[in-house]
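Here is a short report to read with the model open beside it.

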Amino acid sequence: MTASRPLHRLTRQFTAFFGVGLAAAVAHYGLLIALVEGGGMHPVPATLAGYVAGGLVSYMLNRKHTYESDRPHREATWRFALVAFVGFLVTWFLMHAFTVWLGGPYLPAQIITTGVVMLWSFMAHKTWTFA
C-alpha cells in the first residue's frame, strides 16, 4: 500500500498538470492563431507570444492546483521563469525547425512542440520550481 501512495500522488499531479495545460493551451493557441490568421504574423514570433500568455496562466494554476506549493512567490517565480525560458527556447527552436527549415504547417508543428515542452516543464516544475 505504501508504494502506491507516491504513484497515486504523481498520477494526480500529472492529471492536474494536464488540465492546467489545457487552459494554458487555450491562451497560447488562441493568441497564436489570432496573430497568424488575423494579424498576418509569422508563426514563430506568434507562438512565442502565445507561449508567454500560456505561461502566465500556467504559473498561477500549477502553483495552486498541481503542486500545492507553499514555496514563497519570491522563490517560485524566478524558478518558474527559468524553466519557462528553457521551454521558450525549445519552442523557438522546434517551431523554427518545423516551419522554416522543413516548411511544415504551423499547427501540427505546434502540437509536437507542445508535447515536448509539456514533458520538460512537468518534470522541472515538480522536481525544482515548486518542490
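## The model

This is a predicted model. Helix H1 covers residues 4-38. Helix H2 covers 43-66. Helix H3 runs over residues 73-101, and helix H4 over residues 106-129.

## Aromatic pairs

A pair of aromatic rings is described by the distance of the centres and the angle of the planes. The whole structure holds 12 aromatic pairs. One of them joins Phe17 and Phe122, with ring centres 5.1 Å apart. Their planes stand at 65 degrees; edge-to-face pairs need over 60, so this pair is edge-to-face. Phe17 sits in helix H1 and Phe122 in helix H4, so the pair ties together parts that are 105 residues apart in sequence. Buried means under 20% relative accessible area. Phe17 has 6% relative accessibility, so Phe17 counts as buried. Phe122 is buried as well, at 4%.

Trp78 and Trp128 form another edge-to-face pair, with ring centres 5.5 Å apart and planes at 85 degrees. Trp78 belongs to helix H3 and Trp128 to helix H4. This pair links distant parts of the chain, 50 residues apart. How exposed are the two rings' residues? Trp78 is partly exposed, with a relative accessible area of 46%. Trp128 is partly exposed too, at 29% relative accessibility.

Ring pairs also build a cluster. Its members are Phe14, Phe17, Tyr59, Tyr67, Phe80, Phe122 and Phe130.

## Salt bridges

The structure has two salt bridges. In one, Glu68 pairs with Arg12, and the closest N and O atoms are 3.9 Å apart. The cut-off for a salt bridge is within 4 Å, so this pair counts. Glu68 lies in the loop between H2 and H3, while Arg12 lies in helix H1, so the bridge ties together parts that are 56 residues apart in sequence. Glu68 is exposed, with a relative accessible area of 51%. Arg12 is partly exposed at 30%.

Glu75 and Arg71 make a salt bridge in which the closest N and O atoms are 2.9 Å apart. Glu75 is partly exposed, at 31% relative accessibility. Arg71 counts as buried, at 15%.

## Backbone at Glu68

Most residues other than glycine have a negative phi, and most peptide bonds are trans. What is the phi of Glu68? The value for Glu68 is near 45 degrees, which is positive in a residue other than glycine. Glu68 is placed in the loop between H2 and H3.

## A nonpolar surface patch

Five names make up a nonpolar patch on the surface: Trp92, Phe93, Val100, Trp101 and Leu102. Together they have about 560 Å² of accessible area.

Leu102 is in the loop between H3 and H4. Exposed means over 50% relative accessible area, and Leu102 reaches 63%, so Leu102 counts as exposed.

## The largest pocket

Rolling a probe the size of a water molecule over the atoms shows where empty space is left. The largest pocket has a volume of about 460 Å³. How many residues line the largest pocket? The lining has 24 residues. Gly21, Ala24, Thr114, Val117 and Met118 lie nearest the centre.

H1, H2, H3 and H4 each give at least two residues to the lining of the largest pocket. Which helix supplies the largest share of the lining? H1 does, with eight residues.

Val117, among the residues nearest the pocket centre, is found in helix H4. Val117 is buried, at 7% relative accessibility. The C-alpha atoms of Val117 and His96 are separated by 15 Å, and the two residues are 21 apart along the chain.

His125 lies in helix H4. Is His125 buried or exposed? His125 is buried, with a relative accessible area of 3%. Its C-alpha atom is separated by 12 Å from that of Arg71. His125 and Arg71 are 54 residues apart along the chain. Arg71 is the partner of Glu75 in a salt bridge.

Key
Residues numbered from 1 in each chain as written. Predicted model: local features only at pLDDT ≥ 70, side-chain atom pairs only at ≥ 80, totals over all residues. Heavy atoms only, no water. Phe/Tyr/Trp six-rings, centres within 6.5 Å; stacked < 30°, edge-to-face > 60°. Helix = DSSP H or I, 4+ residues; strand = E, 2+ residues; numbered from the N terminus. Buried < 20%, exposed > 50% of the residue type's maximum accessible area, 1.4 Å probe, protein only. Patch = residues over 30% accessible without salt bridge, like charges linked within 9 Å, V, L, I, M, F, W, Y side chains within 5 Å. Areas by Shrake-Rupley, 256 points an atom, 1.4 Å probe, with all protein chains shown as cover. Salt bridge = Lys/Arg side-chain N within 4 Å of Asp/Glu carboxyl O. 1 Å grid on protein atoms, 1.4 Å probe; cavity = no way out; pocket = protein on both sides within 12 Å on 5 of 7 lines; lining within 4 Å. Points joined across faces, edges and corners; volume = space filled by probe spheres on them.
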